[in-house]
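Please work through each task on the structure before reading its solution.

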Amino acid sequence: MKILKPSNMKRCIGCYSCSLACARNVHKSLSWKRSGIRIHSSGGISTGYEATVCLACDPPPCAPVCPTEALRPRKGGGVIFKEKLCIHCGECATACPVEAIYFDPVKKIPVFCIHCGRCVSFCPHDCLEMAEPSKEDGNE
Amino acid sequence: MNSMFKVLVVDLSRKKSKVEYFDTRKTWIGGSGLAAGLFEHFADFDADPFHPDQPLILAIGPLTGLFPLMSKTIMSFMSPYNGQYAESHGGGRSALALRFAGYDALVVTGRARKLTCLGFGSQEINIQDVHYLKGMDIFRTGKVLRGLKPRNPGHRSILRIGPAGENRISYACVNVDTYRHFGRMGGGAVMGAKNLKGIIISGDSTQDLPHGRIKEYNKVYREIYSTVTESGAVRKYHNLGTPENLIPLNELRALPWRNLQSTHDPEIESISGEKFADDLLLRQVACAGCPVGCIHIGLLRERFGHEHEYLYRQVSYDYEPIFGMGSMLGITSAPGVLTLLEEVEKLGLDAISAGVALAWATEALEKGVVGIDQTIVDLQFGNVQAYVQALTHLAGQDNEFYLELGKGALVAAEKYGGEDFACVLGQEMAGYATGENYFVSQALGFRHSHLDTGAYSFDQEEQARDIHKSIDYMQSQEIYRILMCSVAGCLFGRKAYPKETILKALNSTGLDYSEQELDQAVQAIQAHRWAIKFRTGFNPDEIKIPGRFLEVETWKGRTDPDYLFKLKEKYQEVLRTLAEKHVFTTNGDQE
């Protein structure tokens, strides 16, 4: 299965269209935060932009810490979330090594990239792509 | 339509804040309309612009964050430049940050006892002592503010002033997120008078999409996004950007050079949009919520050692700043323009106003109207290093001459002489020497800006010397632009947002205006804005059009003074009639 890769972030202009598209289309919200892809500069805009997004770890370190198995490994990397099973503890967000899980303070659920690719068509500079995972993408 | 405007009101004197709600959405729409409505509510029309009670207002629009290019924030205040109601529009991340902080507007009143930074998000408000930033430039200030609360990197906007704002220069600007500004009419000085060094807006909350209309909203969004990214409607703003205008305007003999002593120069190639793009363009960046990416960042590389030792800086450029710090000062090297733009940025001055003011000072020195004991440096057109020094003297108000120049070129000219060649039309001219319509439009325009009516375009039409057609053009443009600025969209998006599209966008989010209701609201906002402007001292009869504008030679030939003054007289009547339509309900009693 393909995964979302922010392969060309040096091209990013900081328009946030990807984040807003994810929030709008996946999470039915208007937000910079409730989005599986979050864009930020590091130390001011002159340093350029980075994308915080699920790396599709395989196996994912967030899944085993979930006490109710609400997060389960996704085939090809990343996780699938079963909201009904979530007890809102936030352990998954703490376990993510790259802070790609945003623990939504209102819904009290994890928000992360589900590798659906709906943000890709909203990037005007082709910074994002859906691609097959490479060896480096997983933890193994 | 039933949601009220949610406004954060911060009193710096008492270090207290409150949230207020205003049930005026249908009347004021948002942006320019909301800012004017709030100004009437909070301002003291008869007090000094620097009086602590005067509000500094930031307002966003009903479409902010919901649609592409709806990325502007409207700042309004009593201008220290002319003592009148003023608006300035800025981008960066400011609009979306305010949206996601959960407010439609911010109103700051009072004066902090010490230099202060106001930081807020959806669940926090901090008023922090930053006395240690006194006199600090824009860049260092930005670095320090990034370490203060609220910490929310990537999802916040940082507004700050430099020494010019602290010293209350009449055209001190407010820097937004390093590369954007609230410029021109002195918003930076108003912040300075409030002892407000910076504002950090944290966009940390999530909001609901329009209830029951998500399908329709998504459809309208996709249509607009496609128009913006695929139709070519805004392509020019991304490619060369606004500097694309330099060569065409120079060819039209409409580009001001050397204090408007000329409108054309063969050296144009050295500071053209193409030159910047080919040799110095590092990359483009965007305002949050806008896929266009019109902000052009140039690479300024400087050798500082005998060996190959270099430092570099990133400097944003646009058409207007290249005019202000370039052609108007006779600078004919692109790195020279960037050097001056970096300096003006660092100090927190408006690049256009400062450039035009220094252009007047240069000619005044040339003509012996003032001496070097006043200018301190030997100002000469084309001399970059002299202007670097002069900018520092200007921001620092280092003597009486620079103190007066900091109030505007015409103020200095009234004291020292040389009024005829002060290129001031209500404020220091923008970079369009296109002809009579534009000169009158800027002189009398609401913001004294080329953006008020776009009359520089009408100057280029065949019927350019028809008073009735000119007034019709300016009025229809003003009405549309007020609508665009009330939904708080970027004016670069005009082709993507005809009125019908704005109406469709509003309706898709549950703001059910009929076309007639929207028209009526915009007309009411227009009358209201003009009424406030007149009530705060605007008197078009007193607005001068200095002699230099009558000597200008464009592709049409010389300025026609007869047409110009008749147009001015007619336009004044139109504006007075507009202002009389508004009845003040709160602050400003009708005289």
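**Exercise 1.** State which residue of β8(B) stands opposite B:Cys117, and describe how β7(B) and β8(B) are joined.

*Solution.* B:Cys117 faces B:Gln128 in β8(B). Strands β7 (residues 116-120) and β8 (residues 125-129) of chain B run antiparallel and are joined by five bridges; pairing requires that DSSP finds at least two bridges between two strands. Four residues lie between β7(B) and β8(B), which form a hairpin. Strands here are DSSP runs (E, at least two residues) and helices likewise (H or I, at least four), numbered from the N terminus.

The model is predicted: local features need pLDDT of at least 70 and side-chain atom pairs count only at pLDDT 80 or more, whereas totals for chains, interfaces and linings use all residues. Residues are numbered from 1 along each chain as its sequence is written, chains are lettered from A and ligands numbered from 1 in the order in which they are written, and side-chain values use heavy atoms, with hydrogens and water left out.

**Exercise 2.** Identify the partner of β7(B) that pairs in the parallel sense, and determine whether the faces of β7(B) are covered or uncovered.

*Solution.* First, β7(B) pairs in the parallel sense with strand β12 (residues 196-202) of chain B over five bridges. Within β12(B), B:Ile199 is the bridge partner of B:Leu118. Next, consider the faces: in a regular strand the side chains alternate between the two faces of the sheet. On one side of β7(B), B:Thr116, B:Leu118 and B:Phe120 are buried, as are B:Cys117 and B:Gly119 on the other. Buried denotes under 20% relative accessible area, exposed over 50%, and partly exposed the range in between (1.4 Å probe, protein chains only).

**Exercise 3.** Give the strand order of the six-stranded open sheet in chain B, and explain which strands stand at its edges.

*Solution.* The order is β2-β1-β6-β3-β4-β5 (chain B), with mixed pairing. Because β2 and β5 (85-90) of chain B each have a single partner strand, they stand at the edges, and one side of each is left without a neighbour in the sheet. Strand β1 (residues 5-11) of chain B pairs with β2(B) in the antiparallel sense over seven bridges, and B:Val7 stands opposite B:Glu20 in β2(B).

**Exercise 4.** Locate B:Val19 and classify its accessibility.

*Solution.* B:Val19 belongs to strand β2 (residues 16-22) of chain B. Its relative accessibility is 37%, so B:Val19 counts as partly exposed.
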